[in-house]
Amino acid sequence: MEGLLKYNPILLALFATLFTWGVTAMGAAMVFFFKTIDKGILNSMLGFAAGVMIAASFWSLLKPAIEMAEANNKAGWLPAVIGFLSGGAFLLLIDKILPHLHMGLPASKAEGIKTSWQRSILLILAITLHNIPEGLAVGVAFGALATSADVQTISGAVALAVGIGLQNFPEGAAVSIPLRREGFSRLKGFWYGQLSGIVEPIAGIVGAYMVATITTLLPYALAFAAGAMIFVVIEELIPESQREFKTDFSTIGAMLGFSTMMFLDVALG
């Protein structure tokens, strides 16, 4: 890990988010092998993603934000609360503006500004929306190296990137395979599935640049990313994984996802 410390934090954030995007593409490639996906498997995949994001929000983002503030003789709860609520408010605003459709719902249930866009495009935008905080979280974690360039910081950032990457694999499949059912070819399903993750490198660079240039923002930025991810979990992942039968699958998946991310963060961080 120490060898990574010599690289620019923004460059590391770019490489890390390209990795998470690549794993999304690997998941999307499952459309070449499957035309449909069992509801129980889909529920467990969504649950796993939710579990990873919940664990990452605390272990990789909120906890470090509190510790950084306290290390500077400031109230640890202040940046955590302000940043967390700001992240949720940011995603709520985008949720109200960007047209999108959650999986399993008819086109009449589309959210955001009313549009005549096709149902498939709205589905893609829904996944794209929730990839923003994931890329932002990884970017902020690596951007923290501008303030604290030590093995613990880089290990925590790497653990977060690996965790986000792991849950991106089922997410990619959860986009591309349903698009196949919507009438898309396998190639188009794959293309749009991986395309939903392209926002992660963009958000990652933005997050890393902001905290690297304005270091006082770091605790707030970490908590902001956590709030944005929790918003996605509560607004999208959990309801979708519990919408139909076999809800135990999503619960077990969430427990496994949380445990996996907690292990990565504690073991590597």
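Predicted model: local features only at pLDDT ≥ 70, side-chain atom pairs only at ≥ 80, totals over all residues.
Local features are reported only at a pLDDT of at least 70 and side-chain atom pairs only at pLDDT 80 or more, while totals for chains, interfaces and linings use all residues. Residues are numbered from 1 along each chain as its sequence is written, and side-chain values use heavy atoms, with hydrogens and water left out.

**Confidence.** pLDDT is the predictor's confidence in each residue, from 0 to 100. The protein chain averages 86, and 91% of the residues score at least 70. Helices here are DSSP runs (H or I, at least four residues), numbered from the N terminus.

**Helix α8.** This helix covers residues 218–241, 24 residues in total. From first to last C-alpha it reaches 33 Å, close to the 34 Å expected at 1.5 Å a residue; the expected span is 1.5 Å times one less than the number of residues. A kink of about 40° is centred on V233, the bend being the angle between axes fitted to the seven residues ending at a residue and the seven starting there. Of the 24 residues of α8, 18 are buried, so the helix is largely enclosed by the rest of the structure. Buried means under 20% relative accessible area, with a 1.4 Å probe and protein chains only.

V175 is in helix α5, and V211 lies in helix α7 (residues 199–213). The table gives the relative accessible area of each.

| Residue | Relative accessible area |
|---|---|
| V175 | 5%, buried |
| V211 | 2%, buried |

V175 and G27 are 148 residues apart in sequence, with their C-alpha atoms 8.9 Å apart. For V211 and G139, 72 residues apart along the chain, the C-alpha separation is 8.9 Å.

**The largest pocket.** A pocket is an open set of points on a 1 Å grid where a 1.4 Å probe fits, with protein on both sides within 12 Å along at least five of seven lines; lining residues have an atom within 4 Å of a point. The largest has a volume of about 450 Å³, counted as the space filled by probe spheres set on the points. Of its 19 lining residues, P64, E67, Q152, T153 and G156 are the closest to the centre. Helices α2 (39–71), α5 (151–181) and α9 (247–268) each supply at least two lining residues, and α2 gives the most, seven. The lining has nine nonpolar, six polar and four charged residues; Asp, Glu, Lys and Arg count as charged, Ala, Val, Leu, Ile, Met, Phe, Trp, Tyr, Cys and Pro as nonpolar, and the others as polar.

How values were computed
Buried < 20%, exposed > 50% of the residue type's maximum accessible area, 1.4 Å probe, protein only.
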